[in-house]
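Please read the following briefing alongside the sequence and the three-dimensional structure.

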There are 2 protein chains.
Amino acid sequence: MAGIPNAGSAPTLEMVAARAGVSRATVSRVVNGSPKVSPDVVAVVQEAIAALNYVPNRAARSLASRRTQAIALVVPESTAKVFNDPFFATLVQGIGLALADTEYTLSMLIESEAAFDKTRRYLLGGNVDGALVASHHTGDHSYAHVSRSLPVVFGGRPLDPGEQVNHTVDVDNAHGAELAGDHLVERGRRRIAAIAGPQDMPPGVDRLRGWQRSLERAGLAIDLVGYGDFSPASGAEAMRRLLEREPSIDGVFAANDQMAIGAYTAILETGRSIPGDVAVVGFDDDQYAAMAVPPLTTVHQPSLEMGEVMARTLVRLIDGEDVPATTLLPTRLVVRQSS
Amino acid sequence: MAGIPNAGSAPTLEMVAARAGVSRATVSRVVNGSPKVSPDVVAVVQEAIAALNYVPNRAARSLASRRTQAIALVVPESTAKVFNDPFFATLVQGIGLALADTEYTLSMLIESEAAFDKTRRYLLGGNVDGALVASHHTGDHSYAHVSRSLPVVFGGRPLDPGEQVNHTVDVDNAHGAELAGDHLVERGRRRIAAIAGPQDMPPGVDRLRGWQRSLERAGLAIDLVGYGDFSPASGAEAMRRLLEREPSIDGVFAANDQMAIGAYTAILETGRSIPGDVAVVGFDDDQYAAMAVPPLTTVHQPSLEMGEVMARTLVRLIDGEDVPATTLLPTRLVVRQSS
DNA sequence: TTGTATGCGTTATCAA
DNA sequence: TTGATAACGCATACAA
């Protein structure tokens with residue numbers, strides 16, 4: 001079976017073994033850091049490895065060991081918005097950070113409409129030991145299905161609270177929005193509007209609900225609600241309509257910073273000042289919030305930490321540890337000059 | 001060797017073969033769309049595949065066929081800046097778009113300082129059929145080395161023009177900056193400053209050079225140069241220093257939009273108006289450029305197209321086709337209200 | 001502590 | 001057109 005070592009292509013375990021004068025098994029043990037190999041043999045083998053510039057073949061290793069040392073990050077949303085969202089960028093960063101401590105590598109699956117089956121096949125084809133699903137919204141019950149045969153951690157809760165998805169990591173959206181509402185109330189604002197996100201996305205729903213709770217507690221009306229899709233342009237448009245409908249608006253909570261920046265445009269267009277005439281509070285604390293003119297008061301979302309927690313949770317899941325089904329990360333208000 | 005089909009875990013070729021009453025070889029042919037299989041056999045096999053919900057194991061397939069159907073995207077920069085850069089986000093989008101038409105999947109390697117060897121091992125360990133290296137700057141001669149044993153396409157030229165890297169796709173940075181300079185000159189500006197990017201990054205160098213060429217051609221001084229790191233904060237800081245040094249500045253070219261937005265802050269702080277007192281031109285045409293107040297005149301960089309071209313180039317390279325060593329993508333000026 | 005032998009799930013090379 | 005059977009490169013139970 002052994003045959004002649006293939007001299008042409010990439011070095012194999014076999015070639016290292018031949019050069020070191022030991023068996024393939026021993027080389028394998030050294031490569032995998034087995035404790036039961038005598039020091040001198042380890043030295044000889046490592047020298048051979050270095051000399052040949054040997055790198056283990058992952059496919060072979062994965063086939064034999066039944067693990068891949070890779071995890072997938074699935075982004076089931078139409079790419080454009082997702083990638084232009086600083087939140088997502090930071091999330092990926094956190095994931096990368098957490099994974100840097102491990103031997104896992106990240107495989108990114110960009111989910112376009114047509115490629116759903118491609119992704120599913122990839123996940124089920126033994127390419128990864130587990131998957132991270134970011135931005136979990138309406139359509140993807142399909143991935144809940146995948147989670148039955150593969151460890152999966154979802155970022156964000158499922159849209160339907162009744163739907164028990166095994167493992168999720170989420171940010172406390174509702175509470176953050178309440179903080180925003182409370183802050184505007186404390187600042188003496190009375191006609192407080194909201195620019196909500198899509199109501200088919202959990203953060204869209206939760207942030208609107210938090211705002212409502214806060215205003216109701218203060219005895220204020222919750223009739224001033226506009227909707228956007230989390231983009232700056234949609235925020236501007238929603239704000240324009242709100243101001244037309246109710247010129248006396250003196251405060252507004254936008255469900256994310258990008259829409260808040262859009263609202264800035266609409267408010268300034270009408271000659272109103274920020275925060276003099278209208279106080280603005282956003283959500284996310286993305287990098288543009290602090291740079292806006294005036295700097296935006298917003299709810300800080302721990303997106304970096306969320307990425308880290310998601311990755312660590314998945315790794316523990318893969319290792320067979322017991323992890324909580326749901327992790328909720330705290331949010332906090334960052335007061336700047338727009339309120 | 002055959003043994004009893006493993007009923008517990010994922011379905012294998014073997015199990016499909018048993019159910020369809022054919023050999024493994026035939027099932028393999030059907031899965032791979034071989035033309036030399038009789039239609040009725042194809043039908044039976046496909047039914048068995050569907051019934052068992054069979055998905056080929058990628059590791060085994062890769063081991064046997066010596067290809068992985070995966071390509072890596074290497075991001076060799078400290079993650080924070082890269083991920084907050086809209087340019088990068090769009091680049092990834094373009095790559096995803098181009099790959100959606102193919103059977104390739106994307107593996108993302110986030111390069112932290114310490115993990116360099118991990119990345120190298122991954123690339124050389126037979127995990128991918130080729131690699132895309134984004135944001136190619138100083139340190140990574142290492143990847144030029146990798147490109148000798150694996151098809152690699154670099155985004156952006158190497159820092160040292162003399163260093164012949166096999167395949168690169170780049171944007172015409174110098175020409176874009178010239179367009180920006182020419183535009184400011186045409187608008188009658190005479191004291192035109194530049195906020196340059198890091199001079200250890202090719203775009204930083206090329207964009208500054210383009211601005212210089214334009215001003216020299218117009219007979220203007222090129223003494224007003226500040227430097228930033230492509231972040232909004234650094235743009236603001238550079239602008240503050242420039243205005244202190246030379247209060248008569250009436251135009252500024254920033255090497256990217258984020259620094260231009262930072263410059264807005266610094267300019268407005270001093271009570272100056274845009275473009276009345278100071279005209280501003282950026283570079284990139286990212287999504288915030290159009291939303292800025294006033295909307296930012298900028299040089300459009302085809303980042304989406306760049307991603308697509310990089311991906312397509314790599315695929316062709318993997319297929320053994322002949323592709324040009326360098327592809328240069330055109331830039332164009334987008335005039336808005338800041339100039 | 002080390003080596004032998006077998007299997008991981010496919011593809012590919014032969015024959016039939 | 002189909003079927004045996006040998007790789008593919010490594011891990012691991014079992015023997016020594």
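This is a predicted model: local features need pLDDT of at least 70, side-chain atom pairs count only at pLDDT 80 or more; totals for chains, interfaces and linings use all residues.

A polar contact is a pair of N or O atoms within 3.5 Å; within protein, one atom must be able to donate a hydrogen and the other to accept it, and residues adjacent in sequence count only if both atoms are side-chain atoms. Residues are numbered from 1 along each chain as its sequence is written, chains are lettered from A and ligands numbered from 1 in the order in which they are written, and side-chain values use heavy atoms, with hydrogens and water left out.

**The two protein chains**

**Chain A as a whole**

- Chain A contains 14 helices and 12 strands; helices (H or I, at least four residues) and strands (E, at least two) are DSSP runs, numbered from the N terminus.
- Of the 339 residues in chain A, 55% are buried; buried means under 20% relative accessible area, exposed over 50%, and partly exposed in between, with a 1.4 Å probe and protein chains only.
- Contact means heavy atoms within 4.5 Å, and among contacts in chain A between residues at least 6 apart in sequence, 71% join residues at least 24 apart.
- Carbon and sulfur atoms account for 53% of the accessible surface of chain A, which comes to about 14,100 Å²; accessible areas come from the Shrake-Rupley method with a 1.4 Å probe, and for residues only the protein chains shown count as cover.

**DNA strand C**

- A residue is near a molecule or strand if one of its heavy atoms lies within 4 Å of it. Of the 29 residues around DNA strand C, those that come nearest are A:Thr26, A:Arg29, A:Val41, B:Leu13 and B:Ser28.
- Sugar or phosphate supplies 62% of the atoms of DNA strand C within 4 Å of the protein, and bases supply the rest.
- Chain B also approaches phosphate oxygens of DNA strand C: a polar side-chain atom of B:Ser28 lies 2.5 Å from one, and a polar side-chain atom of B:Asn32 lies 3.1 Å from one.
- The elements that give two or more residues to this surface are α2 (24–31) and α4 (58–65) of chain A, together with α2 (24–31) and α4 (58–65) of chain B.
- The surface near DNA strand C has 14 nonpolar, eight polar and seven charged residues. Ala, Val, Leu, Ile, Met, Phe, Trp, Tyr, Cys and Pro count as nonpolar, Asp, Glu, Lys and Arg as charged, and the others, Gly among them, as polar.

**DNA strand D**

- Around DNA strand D there are 26 residues, of which A:Leu13, A:Tyr54, B:Thr26, B:Arg29 and B:Val41 come nearest.
- Of the atoms of DNA strand D within 4 Å of the protein, sugar or phosphate holds 58% and bases hold the rest.
- A polar backbone atom of A:Ala60 is 3.3 Å from a base nitrogen of DNA strand D.
- Phosphate oxygens of DNA strand D lie 3.1 Å from a polar backbone atom of B:Ser23 and 2.7 Å from a polar side-chain atom of B:Ser38.
- Two or more residues of this surface come from each of α2 and α4 of chain A and α2 and α4 of chain B.

**Selected helices and residues**

- In helix α1 (residues 13–20) of chain A, the residues A:Met15, A:Val16, A:Ala17 and A:Ala20 are buried, and the buried residues of this helix pack against α2 and α3 (39–52) of chain A.
- B:Ser214, in helix α10 (residues 202–217) of chain B, is buried, with a relative accessible area of 1%. The side chain of B:Ser214 makes a polar contact of 2.6 Å with the side chain of B:Asp182.
- A:Leu304, in helix α14 (residues 303–318) of chain A, is partly exposed at 29% relative accessibility.
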